[in-house]
Amino acid sequence: MHHCAEDDRRVIEKHSFHSSLSQIRDELSRTLATICQDQQEALEQMAEMIGGAERIFVLGAGRSGLALQMTAMRLMHLGKEAYVVGETTTPAIRGGDVLLTASGSGTTGSVVRAAEQARGAGATVVCFTARQHSPLGELAAAAVLIPAAEKLDRSGAASAQYAGSLFEQAVVIAGDALFHALWQRSGRSADELWPRHANIE
Ligand SMILES: O=C([C@H](O)CO)[C@H](O)[C@H](O)COP(=O)(O)O
């Protein structure tokens, strides 16, 4: 088929920064609406477990892990003892602790192995995943299902975005919602939390 430079330009225009942004807004909005509608029980279970945990450890590979590092920071602001698994200062997990994980596929080896170890040590595992019936989902006491594409899904059915982007975006927002709920329940003001924010940055 003949393909001219003008066609290429039209395609480029169609995929402007603006249209990409509005496409992502729509995907994220649909995904969050479905979580709100279908995952109320799992969300509440997760909030209860994290709210009642002695300490919280977060773990995910790649961008899924980066998303949870944002949640860990906020939990620390709330006065929780929160650790990122793999950091040199992170202690041993034990009973009373919660391991908060995120994995779109629910099959990432390092995360599944860590979840097994955490359970073996008596800790509770909770997760965000795009596939509930997965090794990670099965290990979790509370699993919040995020209806988004797994990173190897090339069908475009669940998301037009690259790899697991939609899942990882939703994990950031869900983590903020988790913090927000626990903060509101704490009755503390923003001023009370603020002194915990890093003062050397
Ligand atoms: O970093 C990631 C990648 O860029 C996918 O969009 C993933 O978060 C990482 O590979 C972990 O995968 P999952 O455990 O399936 O989330």
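Helices (H or I, at least four residues) and strands (E, at least two) are DSSP runs, numbered from the N terminus. The model is a predicted one, in which local features need pLDDT of at least 70 and side-chain atom pairs count only at pLDDT 80 or more, while totals for chains, interfaces and linings use all residues. Residues are numbered from 1 along each chain as its sequence is written, and side-chain values use heavy atoms, with hydrogens and water left out.

Return to strand 1 and display its side chains. Which residues point one way, and which the other? R55, F57 and L59 lie on one side, I56 and V58 on the other, and all of them are buried. Strand 1 is accordingly described as mostly covered, with five of its five residues buried. The classes used here are buried for under 20% relative accessible area, exposed for over 50%, and partly exposed in between (1.4 Å probe, protein chains only).

**The ligand and its shell**

The shell consists of A61, G62, R63, S64, S103, G104, S105, T108, K151, A163, G164 and E168. Helix 4 supplies the largest share of this shell, three residues. By class, the shell holds two nonpolar, seven polar and three charged residues. In this scheme Ala, Val, Leu, Ile, Met, Phe, Trp, Tyr, Cys and Pro are nonpolar, Asp, Glu, Lys and Arg are charged, and the others, Gly among them, are polar.

Polar contacts (pairs of N or O atoms within 3.5 Å; within protein, one must be able to donate a hydrogen and the other to accept it, and residues adjacent in sequence count only if both atoms are side-chain atoms) form the next stop. Three of them can be displayed as distances:

- S103: a polar side-chain atom lies 2.6 Å from an oxygen atom of the ligand.
- G104: a backbone N or O atom lies 2.8 Å from an oxygen atom of the ligand.
- K151: an N or O atom of the side chain is 2.9 Å from an oxygen atom of the ligand.

On its own the ligand has 410 Å² of accessible area, of which the protein covers 84%. Such areas come from the Shrake-Rupley method with a 1.4 Å probe; for residues, only the protein chains shown count as cover.

**Single residues of the shell**

Select S64, which has its place in helix 4. Why does S64 count as buried? Its relative accessibility is 7%. Draw a line from S64 to G104: the C-alpha atoms are 7.6 Å apart in space, although 40 residues separate the two in sequence.

Move to the loop between strand 5 (142-145) and helix 7 (165-186), where A163 is placed. The phi angle of A163 is near 45°, a positive value in a residue other than glycine. A163 is buried, because its relative accessible area is 18%. G164 is found in the loop between strand 5 and helix 7 as well, and G164 counts as buried at 4% relative accessibility. G164 and L152 are twelve residues apart in sequence, with 7.7 Å between their C-alpha atoms.

**The whole chain**

Finally, zoom out. The protein chain comprises eight helices and five strands, in the order α-α-α-β-α-β-β-α-β-α-β-α-α from the N terminus on. Of its 201 residues, 41% are buried.

Notes:
A residue is near a molecule or strand if one of its heavy atoms lies within 4 Å of it.
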